[in-house]
Amino acid sequence: MMNELILKSFRYNNDYWKGREQGIRFKLEKDFLNKLQFHLYDDVFPIIKRMITNRMATNAPDQFKLRYSEIRSEFIDKVVELSQAHFRDILKLSLVERYGAWHKVPPRVVTELMSKLVIQSNFVAKAKHYARIIFSRARADFFPSIEKIQDPEFPDNVITGIADIFSAGMGRMSQMVYTHSTYFLNSAYELQFQTRDPTELFRYEWLTRPDARRTPQCAMIERMIEEEAKQNKEKGVKLSRLKKIVHQVANMEGFKKANPGINLVPHYNCRSSIARMV
């Protein structure tokens, strides 16, 4: 009877939910990065630009450093706020299949899942780290020239240089967001699958996107699972076996440098996820 209930609760159209997950997840990641970029370029950068143009570093150096430190702290606070919200949204996405629609997922269930997955602190810490790097690089590279003001092209070259540092920092932040979104999503799926399928009654697949951006790692994982499933005359493999295959491929010679060292994420910027076979 229990197996029948589990089967009934898992009986969905896999292709539909695959498409839904990929679409919503892409939007969540873009929304997070767009909000962060908007705050950095529309709120933070104009203030720094105005401080440099007005030669505040020369006329009031102590005030300049204090204000720069305040702007940095405000930006880090914003990064923490957006990171926590993004983590919650990704966990909510992992529950959409179970409840049938995004708006039907109870906030209480998302909170319960958050309490069981204490990995959000890692994401927040990483985001804070990259935010600090952005401001530290700008300070180290350009504060001496700001204070001396000997360059005839000042302040344009300084402002352009800081803008380049901000752009590079957002590039690193994007990589971190894409990688950790996969980490959150797969960790949440893993916990739910283990809870609802403790005896590994079902079989699972590695869901990749068959486009030009699919990596050799994910293609290999998918192929290894398909070959093993075919050999066993089954659809997919057990969840425990899938984890071992992902770990094995991520640690292969030639792939190790791209291994971010977190569970069920074989490489940076990974877009793949676990899917239960139906």
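Guide: A residue is buried if its relative accessible area is under 20%, exposed if over 50% and partly exposed in between (1.4 Å probe, protein chains only). This is a predicted model, in which local features need pLDDT of at least 70 and side-chain atom pairs pLDDT 80 or more, while totals for chains, interfaces and linings use all residues. Residues are numbered from 1 along each chain as its sequence is written, and side-chain values use heavy atoms, without hydrogens or water.

Visitor: What percentage of the chain counts as buried?
Guide: The chain has 278 residues. The part of them that counts as buried is 47%.

Visitor: How many helices and strands does the chain have?
Guide: Helices (DSSP H or I, at least four residues) and strands (E, at least two) are numbered from the N terminus. Along the sequence they follow the pattern α-α-α-α-α-α-α-α-β-α-α-β. The secondary structure comes to 10 helices and 2 strands.

Visitor: What share of the contacts with a separation of 6 or more joins residues 24 or more positions apart?
Guide: A contact means heavy atoms within 4.5 Å. Among contacts in the chain with a separation of 6 or more, residues 24 or more positions apart account for 77%.

Visitor: Against which elements do the buried residues of α9 pack?
Guide: In α9, the buried residues are Gln217, Cys218, Met220, Ile221, Glu222, Met224, Ile225 and Ala229. They pack against β1 (204-207) and α10.

Visitor: How far apart are the end C-alpha atoms of α9?
Guide: The expected span of a helix is 1.5 Å times one less than its number of residues. For the 16 residues of α9 this gives 22 Å. The model agrees, as the end C-alpha atoms are apart by 22 Å.

Visitor: Which residue just after α9 takes a positive phi?
Guide: The phi in question is about 55°. The residue that takes this value just after α9 is Lys233.

Visitor: Is α9 parallel or oblique to α10?
Guide: Helix α9 (residues 216-231) packs on α10 (residues 239-250) at about 140°, with the axes 10 Å apart. Angles under 35 degrees count as roughly parallel, over 145 as roughly antiparallel, 65 to 115 as roughly perpendicular and the rest as oblique. The angle therefore makes α9, relative to α10, oblique.

Visitor: Which residues of α6 make the contact with α4?
Guide: Helix α4 (residues 61-93) and α6 (residues 107-116) pack at about 110°, with their axes 10 Å apart. That makes α4 roughly perpendicular to α6. From α4, the contact uses Phe87, Arg88, Leu91 and Lys92. From α6, it uses Pro107, Val110, Thr111, Leu113 and Met114.

Methods: Axes fitted to C-alpha atoms, helices over the stretch in contact; angles between N-to-C directions.
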